[in-house]
Amino acid sequence: MQSRHKILRRPKIVVIGGGTGLSVMLRGLKEKPLDITAIVTVADDGGSSGILRNEMQIPPPGDIRNVLMALADAEPLLTEVLQYRFKSVPGLAGHSLGNLMLAAMTDISGDFVTGIRELSRVLAVRGRVLPAAGKAIILKAEMTDGTIVTGESMIPKAGKTIKRVFLEPENVEPLQEAVEALEQADAILIGPGSLYTSIIPNLLVPKLANAIVESEAVKLFVCNVMTQPGETDNYSVGDHLDAIHAHIGHHLFDYVIVNDGEIPPQIESKYAELGAKAVHLDLDAVTNKGYEVIADRLVLFRTFLRHDAERLSHHIYKLVENWMLRKR
């Protein structure tokens, strides 16, 4: 009976990334019996986040805000209000109310992490949300022609091929809470999100990368459905994995979760106009490198393609559950 209780405890899952894809997935995961910690990138330097980052000397709040909203158990209207972006009010244009609230909470509490914790309490967030580091970091990219591009928002706009990305400072310290969450995790999940500007920056924080490598948790990578212009043009699933390996120097993942559902021609055409196309699953290349592939129809079609949060979270939960049963 005791072993059954151990199996039925809530698995601890750490989700790492940033951007819209992470938030969509978390909306599905929060409905599962999981103990969730989200570690979110702090490299953003564009838009409202960039302004608040520069003027208040705080980490960029935008990706944190989106994750808080995804995990919140608040009334839908409150969530909508916090996502509201001012349009023409002098001094406020471009800012979302949620970003301003995070900035205010930081000012009141004197600390960004405490500000996140307090706003999490107000929003009844299911899980913990932690920045990858306690201060903003500068992301730089070296292009294949040798030029250096500075700033997360500028890298995809450079119109060049990325050779590698790196942080400034390189030895940025992560939050101790984030390291401890990784050490205690039953599962570590990375992606979906912008490969070079949302995913890899977290893995470049040295102690975070070491904690992932040394963890005995099951490690999952959720691959993007579409390529991203200026970042992953013409990338296959294997190319995404190779880029992570080249930056970290380790084979991180046990499982790779990919979409193999058909994308309607009219949707593909719309993305092609933007310079994006479906990420090709080079199955043999991926499995030959030791990754197990979970492929399913994982997309929904609205204005843009989005991961099917319910179906994706089902696959993730089953993998984590089976891993824990196997460990007993």
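**Reading helix packing and aromatic pairs**

Analyst: In this predicted model, helices α2 and α4 cross in a right-handed manner.

User: At what angle do helix α2 and helix α4 pack?

Analyst: Helix α2 (residues 19–29) packs against helix α4 (residues 62–71) at about 15 degrees, and their axes lie 8 Å apart. Because angles under 35 degrees count as roughly parallel, α2 is described as roughly parallel to α4.

User: Which residues make the contact?

Analyst: From α2 come Gly19, Leu22, Ser23, Leu26 and Arg27, and from α4 come Asp63, Asn66, Val67, Ala70 and Leu71. The residues of this contact comprise five nonpolar, three polar and two charged.

User: How many aromatic pairs are there?

Analyst: Rings count as a pair if their centres lie within 6.5 Å. By this rule there are three aromatic pairs. One of them joins Tyr84 and Phe86, with 5.3 Å from centre to centre and 85 degrees between the planes. Since planes over 60 degrees apart count as edge-to-face, this pair of Tyr84 and Phe86 is edge-to-face.

User: Where in the chain do Tyr196 and Tyr235 lie?

Analyst: Tyr196 and Tyr235 form an edge-to-face pair, 6.3 Å centre to centre with 75 degrees between the planes. Tyr196 belongs to helix α9 (residues 195–203), and Tyr235 to the loop between β8 (218–222) and α11 (237–248). The pair links distant parts of the chain, 39 residues apart. Tyr196 is buried at 3% relative accessibility, and Tyr235 is buried at 16%.

Methods
Residues numbered from 1 in each chain as written. Predicted model: local features only at pLDDT ≥ 70, side-chain atom pairs only at ≥ 80, totals over all residues. Heavy atoms only, no water. Phe/Tyr/Trp six-rings, centres within 6.5 Å; stacked < 30°, edge-to-face > 60°. Helix = DSSP H or I, 4+ residues; strand = E, 2+ residues; numbered from the N terminus. Buried < 20%, exposed > 50% of the residue type's maximum accessible area, 1.4 Å probe, protein only. Axes fitted to C-alpha atoms, helices over the stretch in contact; angles between N-to-C directions. Parallel < 35°, antiparallel > 145°, perpendicular 65-115°, else oblique. Left-handed = near helix turned anticlockwise from the far one by under 90°. Contact = heavy atoms within 4.5 Å. Nonpolar A, V, L, I, M, F, W, Y, C, P; charged D, E, K, R; others polar.
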